[in-house]
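Let us walk through this structure together, one question at a time. Take a look at the model below before reading on.

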Amino acid sequence: VSDTRRTSVHQAMGKALSRLGEHAQALHHFEEALRVTAEDHDRFDILQEIIALKITGGHYEEAVQLCQSQREFALHHANKELLASVETNLGRAEFLRGNFQESRQSFSAALEIYRSTQNKQKTVNALMNLGNVLSATHDFRGALEQWTQALALSEELGTQHQAAQIQNNIGIAHYKLREFEESRLCYEKAKQIFEDLNSKSGLALTLTNLGEVAYAEGDYERALEYWSEALKLFRVMKDAGGITETLLQLAQVWNIFGDFHQMQPLLDQAEGLVLEYRLSAFRGHLSYLRGMLSFASKKYYEALNAFLSARDSFHLESEHERFYLAVLRAAETQASLGQNKEAVCTLQGTQADGQLKAFPLVMAEFCHLLGTIARMYPEVVGEKPLVYFKQGLELVRNELVAEISWKLPYAMGKEYARRGQRDKAKENFLSAKMIIEHFASRITSPELRQKYLSVDGRGEILSEISTYLQQKTGG
């Protein structure tokens with residue numbers, strides 16, 4: 001058998017095994033092909049396959065080194081298409097290493113080449129890659145610009161599946177910018193395309209994302225519906241990661257409704273999958289929700305341990321917002337244990353962290369908890385509760401309504417009422433009442449609405465506010 005024939009056989013086997021996910025065996029065949037061929041362009045193509053496998057296997061440093069030698073080959077032969085292919089692989093490897101500036105440079109170089117050669121399909125891919133880098137660096141406006149261009153080209157080319165993926169990406173960018181209406185519209189368009197294509201994975205993805213929008217807007221019943229649908233699809237596909245994530249999201253909703261009997265088995269199932277499939281990325285969220293369950297059951301030491309474990313996991317995963325939420329819940333638990341000095345130290349120390357400013361709703365919760373502690377134990381905090389409540393309210397003023405949006409005016413109303421400042425108390429109580437009723441009105445099921453109102457004393461707070469508003473001045 002000639003070397004040429006052996007090379008082509010090894011390449012064919014490598015590609016087939018790679019598609020089947022047998023990466024180690026695929027790599028062996030490509031390396032054998034590389035060993036028996038002396039033809040430069042064949043070697044280039046084989047090395048591109050090897051680089052892709054190195055990236056898939058997490059060997060980013062090796063991939064980068066191979067890309068650099070490949071770049072020299074492409075430049076030497078003045079072949080733009082080959083160079084763009086190398087820059088794309090290099091961008092992927094650098095992206096996964098967390099070197100976003102280098103990744104952006106490579107993807108931009110590839111984009112420039114594909115535009116100059118009028119390769120529209122590759123231009124779409126390059127725009128998507130560039131958008132991914134910008135999104136990873138929190139430049140969501142920049143990502144939107146790239147993805148919008150990619151979407152227009154994709155629709156022109158008629159690549160429906162890719163168009164749906166881009167619509168989903170655009171939806172994510174709007175979600176990160178808290179532009180929920182725009183986000184939902186993009187997800188719904190993507191969902192429709194995936195339904196037309198009968199893509200279970202695409203449909204499950206968009207249902208998951210629609211659930212996140214609904215949850216963020218306080219439409220908890222709708223979130224429950226979306227995530228329940230997504231869970232069915234993930235189970236059909238036997239997608240352990242998708243199942244685990246959705247179980248945790250459903251547990252999160254049941255926590256809002258205070259239905260801990262629904263929450264417990266979901267967490268148990270999720271924990272079983274995390275252990276079986278070593279899904280370490282979900283450990284933080286699992287621990288956090290375990291903490292919420294323990295806190296609701298007044299098992300405060302268990303809750304504290306769970307929140308601290310979640311905090312450490314979120315730190316390792318660089319999930320900044322969830323990290324601060326875990327810190328907040330740990331401090332809240334410390335306060336419930338009577339460890340008020342420790343709680344205040346935790347809160348004030350974290351407030352000094354500049355990154356917290358990126359999450360105004362979480363900052364507002366820090367202010368609410370500090371104000372609550374200051375109201376009960378003024379000697380511990382050293383600041384009046386109203387100061388913290390006002391700071392928190394200022395933080396959420398320009399944000400879409402969230403649960404903290406009613407807690408702060410209610411706390412301020414209580415403080416003004418205590419001081420006898422009836423007009424200010426009334427103003428804040430009315431605001432709190434309106435927001436609670438807004439959330440409750442979105443729940444069509446009487447049973448779920450009753451569950452919602454029974455948690456965090458929402459129903460009792462509405463009654464308390466109504467009674468206060470009916471009192472006559474000076475009465």
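Q: How many salt bridges does the structure hold?
A: This is a predicted model, in which local features need pLDDT of at least 70 and side-chain atom pairs count only at pLDDT 80 or more, while totals for chains, interfaces and linings use all residues. Residues are numbered from 1 along each chain as its sequence is written, and side-chain values use heavy atoms, with hydrogens and water left out. A salt bridge here is a side-chain nitrogen of Lys or Arg within 4 Å of a carboxyl oxygen of Asp or Glu. By that rule, the number of salt bridges in the structure is 29.

Q: Which residue forms a salt bridge with Lys 414?
A: Lys 414 lies in helix 22, residues 404–419, where helices are DSSP runs of H or I with at least four residues, strands are runs of E with at least two, and both are numbered from the N terminus. Its partner sits in helix 25, residues 458–470, so the pair ties together parts that are 50 residues apart in sequence. The closest N and O atoms are 3.1 Å apart, and the partner is Glu 464.

Q: Are Glu 464 and Lys 414 buried, partly exposed or exposed?
A: Buried means under 20% relative accessible area, exposed means over 50%, and partly exposed is in between (1.4 Å probe, protein chains only). Glu 464 has a relative accessible area of 30%. For Lys 414 the value is 35%. Both residues are therefore partly exposed.

Q: Which residues are joined with Glu 403 into one network of salt bridges?
A: Here the salt bridges share partners, and this links them into one network. Besides Glu 403, the members are Lys 407, Asp 456 and Arg 458.

Q: What is the N to O distance in the salt bridge of Glu 319 and Arg 322?
A: Glu 319 is partly exposed, at 24% relative accessible area. Arg 322 is partly exposed too, at 33%. Their side chains meet in a salt bridge with an N to O distance of 3.2 Å.

Q: How many disulfides does a search of the whole structure find?
A: A disulfide is a covalent bond between the sulfur atoms of two cysteines. The search looks for a pair of cysteine sulfur atoms within 2.5 Å. Cys 67 is buried, with a relative accessible area of 0%, and Cys 186 counts as buried at 9%. Over the whole structure, the number of disulfides found is 0.

Q: Where is Ala 78, a residue with a positive phi?
A: Most residues other than glycine have a negative phi. Ala 78, however, has a phi near 50 degrees. With a relative accessible area of 68%, Ala 78 is exposed. Its place is in the loop between helix 4 (60–76) and helix 5 (80–97).

Q: What is the phi of Arg 278?
A: Arg 278 is placed in the loop between helix 14 (260–277) and helix 15. At 73% relative accessibility, this residue counts as exposed. Its phi is a positive value in a residue other than glycine, near 55 degrees.

Q: Which residues does Arg 283 touch, not counting those up to four places away in sequence?
A: Arg 283 lies in helix 15 (residues 283–296) and counts as partly exposed at 37% relative accessibility. Arg 283 and Ala 310 are 27 residues apart in sequence, yet their C-alpha atoms are 7.2 Å apart in space. Touching means a contact, with heavy atoms within 4.5 Å. On that basis, and leaving out residues up to four places away in sequence, Arg 283 touches Val 274, Leu 275 and Ser 313.

Q: Which residues does Asn 129 touch, not counting those up to four places away in sequence?
A: Asn 129 is found in helix 7 (residues 120–136). Asn 129 is buried, with a relative accessible area of 19%. Not counting residues up to four places away in sequence, it touches Thr 88 and Phe 107.

Q: How many helices are there in the protein?
A: Of the 475 residues, 49% count as buried. The protein has 0 strands, and the number of helices is 25.
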